[in-house]
Number of protein chains: 2
Amino acid sequence: MRFCSNCGQPVARRIPPGDTLERHVCDACGEIHYQNPKMVVGAIPVLGDRILLARRAIEPRLGLWTLPAGFMENNESTGDAAVRETREEACAEIELEALFSLVNIPHISQVHLFYLARLVSDDFAPGEESLETRLFRIDDIPWDELAFRSISITLKHYLADRATGRFTMHVEELAPVGSH
Amino acid sequence: MRFCSNCGQPVARRIPPGDTLERHVCDACGEIHYQNPKMVVGAIPVLGDRILLARRAIEPRLGLWTLPAGFMENNESTGDAAVRETREEACAEIELEALFSLVNIPHISQVHLFYLARLVSDDFAPGEESLETRLFRIDDIPWDELAFRSISITLKHYLADRATGRFTMHVEELAPVGSH
């Protein structure tokens, strides 16, 4: 951010009175521009003993496999976002079940959320942002070709919970790759 | 948003190619400005059979009682945000327990999250944004003077789960007041 989205004048970066963090502040109109983390919401679409994954047609991670997921939009709920992303990326209809994982990724200011979901049929196809969509049996999940760590951590929890038959909510935090 | 935060020129509002929603688009530099929901994160700080609430010193809902909560900042986790907000609003230290509630409020593009938490001592005090901080026994919770519906819904779930001794994660959605 270099210019004020309210009045078009250049913004400065400093700590406003009464605040503790640097913000983009407009000295022309007085607006303080806050920046906040974004939510990425997706689903774990399950049909019997198989899980629906989509292979990404766009960067980042073009060509790798993902659960249907994407940035939550204004004026929708987290559940709406999971259903919409599954439609957009895999042309598939799901019935949402419980919220299953919340993955904090503070170094990129994102929170990823995944819902358990029942795929209503085997009618699915790649959406515009996908190269391919496919149902994977648990033993066939392409672990080395998953697009994001939030996907692999969510799928690992899913497999573990499925093995016990008891599904609980999982909260995780990812550090930058290579950090300790 | 009226001006491009990247180049300072006026923005237009239309659907970009390949998108399905109207965005603020800059025809001068090509930037597309996405707007996304914000997260509000808080805690349910419990000491024995009492819950810590803070009375708001700022608008909105000045003078009403709330659980410590506020907008999540960039580069923090949801847990970090709950701990920080409890420090800022109630000068209190907590030990986080499980994530307890997620409340969707799509008409204001917010998602509220609350963690169960153990208050580590009875050392607390109003922060700059609070008029008063107080431990309430369950029977004394000021239901008619709570600041937000996400607070009352979270406290109701807390009381119900406490009565059964089994705490689970709750996902809720709030519609505009007066809607059906």
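Guide: Gladly; let's begin in chain B, where strand β2 (residues 23-25) is joined to β3(B) by two bridges and the two run antiparallel. This is a predicted model, in which local features need pLDDT of at least 70, side-chain atom pairs count only at pLDDT 80 or more, and totals for chains, interfaces and linings use all residues. Residues are numbered from 1 along each chain as its sequence is written, while chains are lettered from A and ligands numbered from 1 in the order written.

Visitor: What makes β2(B) and β3(B) a pair?

Guide: Two strands pair if DSSP finds at least two bridges between them, and here there are two, so the pair qualifies. In β3(B), B:Ile32 is the bridge partner of B:Val25.

Visitor: What sheet do the three strands of chain B form?

Guide: An open one, ordered β1-β2-β3, with antiparallel pairing. β1 (12-14) and β3 (32-33) of chain B each have a single partner strand, so one side of each has no neighbour in the sheet.

Visitor: And what is the strand order in the open sheet of chain A?

Guide: β1-β2-β3, again three strands with antiparallel pairing. There, two bridges join β2 (residues 23-25) to β3(A), with A:Val25 partnered by A:Ile32.

Visitor: How many helices and strands does chain A have?

Guide: Two helices and eleven strands, counted as DSSP runs numbered from the N terminus (H or I, at least four residues, for helices; E, at least two, for strands). Along the sequence, the pattern is β-β-β-β-β-β-β-α-β-β-β-α-β.

Visitor: How do you know that the span of helix α1(A) agrees with its length?

Guide: The expected span is 1.5 Å times one less than the number of residues. For the 13 residues of α1 (78-90) that gives 18 Å, and the end C-alpha atoms are 18 Å apart, so the two agree. Just after α1(A), A:Cys91 takes a positive phi of about 45 degrees.

Visitor: Which residues of α1(A) are called buried?

Guide: Among them are A:Ala81, A:Val83 and A:Thr86. Of the 180 residues of chain A, 37% count as buried.

Visitor: What makes a group of residues a nonpolar core?

Guide: They must be buried Ala, Val, Leu, Ile, Met, Phe, Trp, Tyr or Cys residues, joined through C-beta atoms within 7 Å. The largest core has 78 residues, of which A:Ile44, A:Tyr115, B:Ile44 and B:Tyr115 touch the most other members. A second, separate core of six residues includes A:Phe3, A:Cys4, A:Val11 and B:Phe3.

Visitor: How many residues does each chain give to the contact?

Guide: Chain A gives 34 and chain B gives 34, with contact meaning C-beta atoms, placed from the backbone, within 7 Å. On the side of chain A, β4 (38-47), β8 (94-105) and β11 (170-173) each give two or more residues, and β8(A) has the largest share, three residues.

Visitor: Why do you say that the copies meet through the same surface?

Guide: Because 100% of the interface residues of chain A are also interface residues in chain B.

Visitor: What rotation superposes chain A on chain B?

Guide: One of 180 degrees, with 0.0 Å of shift along its axis and an RMSD of 0.0 Å. The two copies are therefore related as by a two-fold rotation axis.

Technical notes: Buried ≥ 20, exposed ≤ 12 C-beta atoms within 10 Å, placed from the backbone. Contact = placed C-beta atoms within 7 Å. Least-squares fit on C-alpha atoms with pLDDT ≥ 70 in both.
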